[in-house]
Amino acid sequence: EKKIKRIDRAKDKSRVREKDSERLKVEENVFDIPTLKILYTLSNKGIIKAMGGAISTGKEANVFYAEGPDKELAVKIYRIASSTFKAMDAYIMKDPRFTNIRNNKRDIIFAWTRKELQNLKRAKSAGVRVPEPVLAEKNILIMEFMGEKEIPYPLLKNTYLEGDEAKLIFDTVVEYMRLLYKKANLVHADLSEYNILIDPKDLTPIFIDMGQSVTLEHPNSQEFLYRDVQNILRFFSRYGIKDKPEELLKKIQAE
Ligand code: ATP
Ligand code: MN
């Protein structure tokens, strides 16, 4: 019995080690030397007071918590080494704002990061609740942290809603899609329960992850809008919301 316990313990240890080495690999990919240099500079300028823990590790980017001089921050770092930047091409190359970026991975990622900052600014000016953007530098985007005391607000996907809460949130999501479209001239293009946070205090949705958002001039903007509408309807159908995609489109595009 003792022996089994010992083996178990050793296995557990090795598992921890395995996990650690994987985490280290990811960190190595995120914190390459140029990225570290930017973070040091931002820290010297007092824009970041302290870096905190990882909030998320995504396909292209990692998001970290950071302490700012006057508020909590989220630092989104696009990985140069391990991102599947090919997918970025379709979104950025046809965007009239980004026609003359060179066709290499670093430049595409830098343009992508600037684009996310600009999209957040436009969304915010249009009255859509998004993290307030602070700055973009190369592959690093700094924005307001949406959460409290280092704990991010939950994703819509992980929120348990009852009574009329779902309808309330749905209506605001649709209104935000309309504001984005009519006032910001933008389509989110990756809108779903995975890219909407919920403020638990007043149940307002918060749109995040706008790197791929496109202006209406983008040749695929209508297709992207239709996909966003379908994602939103699919999610809210479980709460008995049964609008038709065409009706929703009309609402979003109404004068
Ligand atoms: P990628 O497409 O590169 O994989 P991503 O999906 O990983 O991007 P985001 O969706 O922007 O990137 O962010 C990932 C997660 O980090 C979010 O689901 C959310 O939980 C958290 N997050 C992002 N921005 C903020 C923020 N401003 N405040 C708090 N949490 C955030
Ligand atoms: Mn996301």
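**Ligands, rings and backbone**

Trainee: Which residues come nearest to ligand 1?
Mentor: K59, K76, E144, M146 and D209 come nearest, of the 19 residues around ligand 1. A residue is near a molecule or strand if one of its heavy atoms lies within 4 Å of it.

Trainee: What should I know about the model itself?
Mentor: It is a predicted model, where local features need pLDDT of at least 70, side-chain atom pairs count only at pLDDT 80 or more, and totals for chains, interfaces and linings use all residues. Residues are numbered from 1 along each chain as its sequence is written, chains are lettered from A and ligands numbered from 1 in the order in which they are written, and side-chain values use heavy atoms, with hydrogens and water left out.

Trainee: Back to ligand 1. Which polar side-chain atoms lie 3.1 Å and 2.9 Å from its oxygen atoms?
Mentor: One from N195 lies 3.1 Å from an oxygen atom of ligand 1, and one from D209 lies 2.9 Å from an oxygen atom of the ligand. A polar backbone atom of E60 is also 3.1 Å from an oxygen atom of ligand 1. A polar contact is a pair of N or O atoms within 3.5 Å; within protein, one must be able to donate a hydrogen and the other to accept it, and residues adjacent in sequence count only if both atoms are side-chain atoms.

Trainee: And what are the protein donors of the manganese ion?
Mentor: N195 (OD1) and D209 (OD), lying 2.2 Å from the manganese ion, which is ligand 2. Donors are N, O and S atoms within 2.8 Å of the metal (3.2 Å for Na, K and Ca), and as water is not among the atoms, sites may look incomplete.

Trainee: Where do those two sit in the chain?
Mentor: N195 is in the loop between β8 (186-187) and β9 (196-198), and D209 in the loop between β10 (205-207) and β11 (214-215), 14 residues apart. Helices (H or I, at least four residues) and strands (E, at least two) are DSSP runs, numbered from the N terminus.

Trainee: Is N195 buried or exposed?
Mentor: N195 is buried, at 7% relative accessibility, while D209 is partly exposed at 22%. Buried means under 20% relative accessible area, exposed over 50%, and partly exposed in between (1.4 Å probe, protein chains only).

Trainee: What does E116 touch?
Mentor: Leaving out residues up to four places away in sequence, E116 touches K76, Y78, L141, D209, M210 and G211. Contact means heavy atoms within 4.5 Å. The side chains of E116 and K76 are joined by a polar contact of 3.3 Å. E116 belongs to helix α4 (residues 105-125) and is buried, with a relative accessible area of 1%.

Trainee: New topic. How many aromatic pairs are there?
Mentor: Six. Among them, F31 and F64 form a tilted pair, 5.1 Å centre to centre with 45° between the planes. F31 lies in the loop between α1 (2-30) and α2 (33-44) and F64 in strand β2 (residues 61-67), so the pair ties together parts 33 residues apart in sequence. F31 is partly exposed at 22% relative accessibility, and F64 is buried at 5%.

Trainee: Why is the pair of F170 and F236 edge-to-face?
Mentor: Because the planes of F170 and F236 are at 65°, with the ring centres 5.2 Å apart. Rings of Phe, Tyr and Trp (its six-membered ring) pair if their centres lie within 6.5 Å; planes under 30 degrees apart count as stacked, over 60 as edge-to-face and the rest as tilted. F170 is in helix α5 (residues 165-182) and F236 in helix α6 (residues 221-237), 66 residues apart. Both are buried, and ring pairs link F170, F235, F236 and Y239 into a cluster.

Trainee: Which residues have a positive phi without being glycine?
Mentor: They include K138, with phi near 55°, and N185, at about 60°. K138 lies in the loop between β4 (133-137) and β5 (140-144), and N185 in the loop between α5 and β8. K138 is partly exposed at 42% relative accessibility, and N185 is partly exposed at 24%.

Trainee: Last one: how many helices and strands in the chain?
Mentor: Seven helices and 11 strands. Of the 255 residues, 44% count as buried.
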